[in-house]
Amino acid sequence: MAALNHPVIGAPRPSPAPADGSVPLRLEIRELQNKHPDQWNLYLLGLDAFKKVDEKSDLSYYGIAGIHGRPYRPWGGVKGTNNPGWQGYCTHSSILFASWHRPYLALFEQTLYAIVQNVAAQFPAETKVRYQQAAATFRIPYWDWAAAPPNGDSYFPNSVGAPTINVITPQSGGKSVPIPNPLYSFKFTPLNPVANDFVEQPFRTWPNTLRYPNSTRLPTAVSDEQQVFAAMESQFPSLQGNVNILMNDPNYKDFAAFSNHAWQNNEPSTFASIEDIHNSIHGDVGGNMGHMSELDYSSFDPVFWLHHCNVDRLFAIWQALNPTSYAINKRDQSGTFVITRNTAVTATTPLAPFADASGTKYWTSEGARQTTTFNYAYPETQKWAFKTDAAYQATVQGAVQQLYGGLAMDFAQAQGLNLAALPTTLPETTPIKAKEENGSAAKPAEQLAAPATAGSSSAAPAAAAPHHEGSHMLSNIVSHIKDVIPGHHKENTDGTRGLDLEAEIGKPSSNPPPATPGEFTEYIVNVKVPKHVLAQTFRVHIFLGPFDPATNTWCTQDALVGTVTVFGKEPETTGCGKCKEDAEDNIVITGTVPLTAALMKEYKKGNLGALSKENVLPWLRENLHWRVTVADGTEQLRQEVPGLRVSVVTTQVVLPVGGIHSILGFMSCILRLLMVGRLGIILIEVGILWLWKKLDWK
């Protein structure tokens, strides 16, 4: 291992250090802009200067961005020990995903901090002290894509999507002047400072980073920024719901489940992860072939740092809620440039290429456990302000409810509940994990196959319509399935509890089970797929209701509920050794798209009579659709995505008690649709009972 020469220590604490142990806060970008104008001004000027540093320097914007993917060459003299070849530094699809990015952000922050100090020192005497005081506590901002934006702004920050922006420069005499917005794009100066830094089309010809490029081939392509605004608005409820699940569902108190999207055969009820949500933002912001949509190039887009800062923040919030759940001990199938393949990774595995303060050792997940180690915190994680851990955790949980609990409040209003009148203690629950479809109870394959019917190979209808191939996901469901959800218990002749779902769908109940005050059912789409099966980035789009069949609208239209983005690679041509080994090992990843907020929207519009299962299930039968597109936006027939599994599951949610809500921690799978060649089958899973029936395609 080569000598290290770029220690990562984070931006320094103010001097003298506060007596209470506090550290400067990373703020949401709109708060930084609106409430801290001097720091906002310095941030823009500093970022603009940072992007102009010689690209051949390790500590240039280009150099630090290049750690994440391309140009695939050693950084900081760290050549690694995992030969042969280059495997890359980044730890995607790994339990180290969240902890590796923490020192990475700290490196970016400390470098930008130093530039900001230089900018502040250039202001004239009458304002220099003011700007230097602001610079002393500067920290990089985050973009909270899962919280409702402030009035007057958008789900994608207006300040990030504008080509120009106003600043006060040291030379402008205190007056605001326009400059090219450093948050909008990064201009490569030059493109490919070292031969073959970028070898893939179209990235080797684009002179600057793009979002939703209007051409995926031409070197003259430009961004269509309005697509970003539309995509973030259309998918906001799903993103918020996903964050809410991660912070409240007991299944995600385990760090391995929370941290990454790699499928574990013994963890079938944890399809969500912070990495999966992170992937969706990359795809939603970049669009077809935009830089953010390709991990090799994503870190060159300035929004990458705002996005990953929020990922780190959500990681810190999760840590505050689960302070004893930071166990890291997993086998890494593929390894990285410095992690040997098929070895165990632990809390002491080196997070290369990031050297600690000594300059002779790497940071580890244990060393990077606390954000205060790098001299920053977030508004929700100011632990020093609380006398007890319990008070701190209660405040963090309250912040989660306030920021991400919008769906729970909608249900409370719909049920006419006074949340203050609900019980003050939560019910005890036992997590029940669903069984994977390849479990021991599975039927022989020949019993599962349904013959393809006319239209089953059709990719999409000629016009938007609720009746087309793949839309009747609950058609002809087998009767007499067992249901573990409270309120649906019924005596049967076989002595088991069950629900005759086929008879119950759409039938008004003369004796409906009494509603449990303060509870509702959450509906979630689960997706599981081999990561590199299509040898490129692809997306699984989930729609409710009629949708526009034009694929260029699928990231932005109102019918879209959410998207699972998969960063696949062509193993024969990629320079990423880790990706090659992941493909060889056929690594499988998972993701989720919550449906309930979209169902609530349909209920409020009068399209869905009620939110009970009796109403929701037949409505989903007619209105739930899903489609697949590849990197350039072309549709991929779903039956031509081997190993893709799509499920719809439910879980019970207890509405806020003292401002906090709880997810009961078990899931009952309503259905699972498997695409095997051109054969479609429905698989019903409840607890450990498995039943099948052929599906008629219409």
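Mentor: A residue is buried when its relative accessible area is under 20%, exposed when it is over 50%, and partly exposed in between, with a 1.4 Å probe and protein chains only. The model is predicted: local features need pLDDT of at least 70 and side-chain atom pairs count only at pLDDT 80 or more, while totals for chains, interfaces and linings use all residues. Residues are numbered from 1 along each chain as its sequence is written, and side-chain values use heavy atoms, with hydrogens and water left out.

Trainee: Is Trp145 buried or exposed, and with what relative accessible area?

Mentor: Trp145 lies in the loop between helix H5 (125–136) and strand S1 (164–168). Helices (H or I, at least four residues) and strands (E, at least two) are DSSP runs numbered from the N terminus. Trp145 counts as buried because its relative accessible area is 2%.

Trainee: Which residue's side chain is joined to that of Trp145 by a polar contact?

Mentor: Contact means heavy atoms within 4.5 Å. Leaving aside neighbours within four places in sequence, the contacts of Trp145 include Met232, Phe236, Ile281, His307 and Leu314. A polar contact is a pair of N or O atoms within 3.5 Å; within protein, one must be able to donate a hydrogen and the other to accept it, and residues adjacent in sequence count only if both atoms are side-chain atoms. At 3.0 Å, the side-chain partner of Trp145 is His307.

Trainee: What separates the C-alpha atoms of Trp145 and Ile281?

Mentor: Ile281 is one of the residues in contact with Trp145. The two are 136 residues apart along the chain, and their C-alpha atoms are separated by 8.2 Å.

Trainee: How many degrees lie between the planes of Phe108 and Trp305?

Mentor: Rings of Phe, Tyr and Trp (its six-membered ring) pair if their centres lie within 6.5 Å; planes under 30 degrees apart count as stacked, over 60 as edge-to-face and the rest as tilted. The structure holds 41 aromatic pairs. In one of them, Phe108 and Trp305 are stacked, 4.0 Å centre to centre, and the angle between the planes is 10 degrees.

Trainee: Which helices does this pair link, Phe108 being in one and Trp305 in the other?

Mentor: Phe108 is buried because its relative accessible area is 3%, and Trp305 is buried because its value is 4%. The two residues are 197 apart in the chain, in helix H4 (residues 97–121) and helix H10 (residues 303–321) respectively.

Trainee: Over the ring of which residue does the charged end of Arg26 sit?

Mentor: A charge sits over a ring if NZ of Lys or CZ of Arg is within 6 Å of the ring centre and within 35 degrees of the ring normal. Arg130 lies over the face of Tyr131, at 4.8 Å from the ring centre. For Arg26, at 3.5 Å from the centre, the ring belongs to Tyr376.

Trainee: In S11, what is the bridge partner of His541?

Mentor: Strand S8 (residues 537–544) runs antiparallel to S11 and is joined to it by seven bridges. S11 is largely enclosed by the rest of the structure, because seven of its seven residues are buried. In S11, His541 has as its bridge partner Arg627.

Trainee: Which residue in the hairpin of S11 and S12 takes a positive phi?

Mentor: Strand S11 (residues 624–630) and S12 pair in the antiparallel sense over two bridges. Thr629 stands opposite Glu635, and Val628 has Gln636 as its bridge partner. Four residues lie between the strands, and the one with a positive phi near 95 degrees is Gly633.

Terms used. Pairing = 2+ DSSP bridges.
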